[in-house]
Amino acid sequence: MKIAVDGMGGDNAPKAVIEGVIQALNEYNGIEYYITGPKEKIEEELKKYKYDESLVKVIDAKEVISPNEHPVMALKRKKDSSICKALKLVKDKECDGVISAGSTGAFLAGCTLIVGRIKGVERPALAPIMPGKNGSFMIVDAGANVDCKPNYLVQFAHMGKIYYQGVLGNNNPSVGLVNIGAEEEKGNELTKGVYKLLKEEKNINFIGNVEPRDTSKGDVNVLVCDGFVGNTLLKMYEGVASTLLGMIKEEILSSGIMSKLGAGLLSPVFKKLKVKFDYKEYGGAPFLGVEGICIKAHGSSDGKAFKNAIRQTKLFYENDVLNKIKEELQNNI
């Protein structure tokens, strides 16, 4: 397997990117890495490590696209950017997958414009995996498509189902529609239309509407929604988790000695919870519906997060998820 890595993507690039690649080299076999970015800068970072040099290639890219640039215009102006060159490697079939922690807008636009959509896919979707009380769940779409038609969300459901089967090992994942109420007649015109269509889909384990307050339970594996709702849900979830953990810590530190002693005894529990809610454990979010394995890593990813993004790419590849998505859509369009 060959993976293209945007060497200059993210807040901690290239240090964290290289660190993640080195960790992956030590843990996973059978992967070659193509790192894009300023050759001298990338090679200088690589010199800090001992590794099998035959498995790492540096692709020179002089430019970097920043998050505050207009995505499409930046892609057109900066064709020598690290993100463009990484995506081009997948487009040209030189690499099987691509990972970037750079500009989300540029990455998603590049996946569509450079790598291209799977035939029949109307809109690709960003699909992060989130921790739930009773298991992990996926949100499709989490921000790529703010305005959607009902049939887009039906495709999201099919793609999310296949990814969840292949990467998380659930043969019959449940699919729910994020809505303001559990009843079929609830919602706006979009959700009402989607509900009717999903109810008729024979190859989807559709369980109906899911209210936002129930999403965090993790009882429903794949949550379908438009990108506006999905991105709001994602950021709210991340924010609440971070705030709650911070509040608990503050309360303990400001309380008496008994509370601090109790916290010491509960330290393993707190550490476990922190790990469960840490985005680094998941690595990144797949962009489903494009002609390649495209993983968007968090902008603040460290080496561990990049390593786990590589693991996710590896599972995507080994379970042939891309071809299975194509087959699923061909059989259900």
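A disulfide is taken here as a pair of cysteine sulfur atoms within 2.5 Å, and by this criterion the structure contains zero disulfides. The structure is a predicted model, in which local features need pLDDT of at least 70 and side-chain atom pairs count only at pLDDT 80 or more, whereas totals for chains, interfaces and linings use all residues. Residues are numbered from 1 along each chain as its sequence is written, and side-chain values use heavy atoms, with hydrogens and water left out.

For Cys-84, the closest cysteine sulfur is that of Cys-111, at 11 Å, which is too far for a bond. The closest cysteine sulfur to that of Cys-294 also belongs to Cys-111, and the distance of 3.6 Å is again too far for a bond. Cys-84 is buried, with a relative accessible area of 6%, and Cys-294 is buried with a value of 0%; buried means under 20% relative accessible area, exposed over 50%, and partly exposed in between, with a 1.4 Å probe and protein chains only.

Strands (E, at least two residues) and helices (H or I, at least four) are DSSP runs numbered from the N terminus. Seven strands form an open sheet of mixed pairing, in the order S3-S2-S1-S4-S12-S11-S5, where two strands pair if DSSP finds at least two bridges between them. Because S3 and strand S5 (125–126) stand at the edges with a single partner strand each, one side of each is left without a neighbour in the sheet. Strands S4 (residues 97–100) and S12 (residues 293–297) run parallel and are joined by four bridges, and Ser-100 has Lys-296 as its bridge partner in S12.

A nonpolar core is a set of buried Ala, Val, Leu, Ile, Met, Phe, Trp, Tyr and Cys residues joined through side-chain atoms within 4.5 Å. The largest such core holds 61 residues, of which Tyr-33, Phe-156 and Ile-310 touch the most other members. Helix H6 (residues 150–168) gives the most to this core, with ten residues. A second, separate core comprises 25 residues, including Ala-4, Leu-89, Phe-107 and Val-290.

Among the buried residues of H1 are Ala-16, Val-17 and Leu-25. Their cover, judged by contact (heavy atoms within 4.5 Å), includes strand S1 (2–6), strand S2 (32–37) and helix H12 (303–318).
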